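The following exercises concern a single protein chain. Each task is followed by a solution in steps.

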Amino acid sequence: MSSLIIKQSRMGNKGSQTELSPELEKLACEVFNLFDVDGSKTIELSETVAFWSKNFAKINAQQMFSAVDSNNDGVIQEEEWLCFWKKVKSCGYSEDDISEELNALKRGESWVQFKGVR
């Protein structure tokens, strides 16, 4: 499991710091596409359960949707996904921390709860 759940960088919450670098945004989109197996530009709950397969799939999926599906419509649009990661950054997590977590997701590791994000 990622150490991000217990680690938070000490960054200020300034407006320019809430944007993701082009590299981090690209990585976030790559991870989004891993979940969006049908290419619909949305992530459905069933896609996340399939992604995690036997790795606490339902729990991970529910936690992810609870955190990311901001309009509660049952799907995660790419814009919601990117907005979530911007919120994570605005809460003080560094780009290195976010990159570490996105790479952990690429490897199929569990979803983490981000302190102060929702």
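**Exercise 1.** How many residues does helix α1 have, and what distance does α1 reach from its first C-alpha to its last?

*Solution.* The model is a predicted one, in which local features need pLDDT of at least 70 and side-chain atom pairs count only at pLDDT 80 or more, while totals for chains, interfaces and linings use all residues. Residues are numbered from 1 along each chain as its sequence is written, and side-chain values use heavy atoms, with hydrogens and water left out.

Step 1. Helices (H or I, at least four residues) and strands (E, at least two) are DSSP runs, numbered from the N terminus. Helix α1 covers residues 22-35 and has 14 residues.

Step 2. The expected span of a helix is 1.5 Å times one less than its number of residues. From first C-alpha to last, α1 reaches 20 Å, close to the expected 20 Å.

**Exercise 2.** State the order of the elements in the protein.

*Solution.* Step 1. The protein contains five helices and two strands.

Step 1. Starting at the N terminus, these elements run α-β-α-α-β-α-α.

**Exercise 3.** Which residues of α1 are buried, and what covers them?

*Solution.* Step 1. Relative accessible area sets the class: buried means under 20%, exposed over 50%, and partly exposed in between (1.4 Å probe, protein chains only). In α1, the buried residues are Leu24, Leu27, Ala28, Cys29, Val31, Phe32 and Phe35.

Step 1. Contact means heavy atoms within 4.5 Å. The cover over the buried residues of α1 includes β1 (42-44), α2 (45-52), α3 (57-68), β2 (75-77), α4 (78-90) and α5 (95-106).

Step 2. Glutamate 23 also lies in helix α1, but this residue is exposed, with a relative accessible area of 58%.

**Exercise 4.** Describe how α1 and α5 pack.

*Solution.* Step 1. Axes are lines fitted to C-alpha atoms, for helices over the stretch in contact, and angles run from 0 to 180 degrees between N-to-C directions. The angle between α1 and α5 is about 20°, and their axes are 10 Å apart.

Step 1. Angles under 35 degrees count as roughly parallel, over 145 as roughly antiparallel, 65 to 115 as roughly perpendicular and the rest as oblique. Helices α1 and α5 are therefore roughly parallel to each other.

Step 2. The contact is made by Leu24, Leu27, Ala28, Glu30, Val31 and Leu34 of α1, together with Glu95, Ile98, Ser99, Leu102, Asn103, Leu105 and Lys106 of α5.

Step 3. Ala, Val, Leu, Ile, Met, Phe, Trp, Tyr, Cys and Pro count as nonpolar, Asp, Glu, Lys and Arg as charged, and the others, Gly among them, as polar. By class, the contact of α1 with α5 has eight nonpolar, two polar and three charged residues.

**Exercise 5.** At what angle do α2 and α3 pack?

*Solution.* Step 1. The angle is about 135°, with the axes of α2 and α3 8 Å apart.

Step 1. That angle makes α2 oblique to α3.

**Exercise 6.** Is cysteine 83 buried or partly exposed?

*Solution.* Step 1. Cysteine 83 is located in helix α4, whose buried residues are Glu80, Trp81, Leu82, Phe84, Trp85, Val88 and Lys89.

Step 1. With a relative accessible area of 35%, cysteine 83 is partly exposed.
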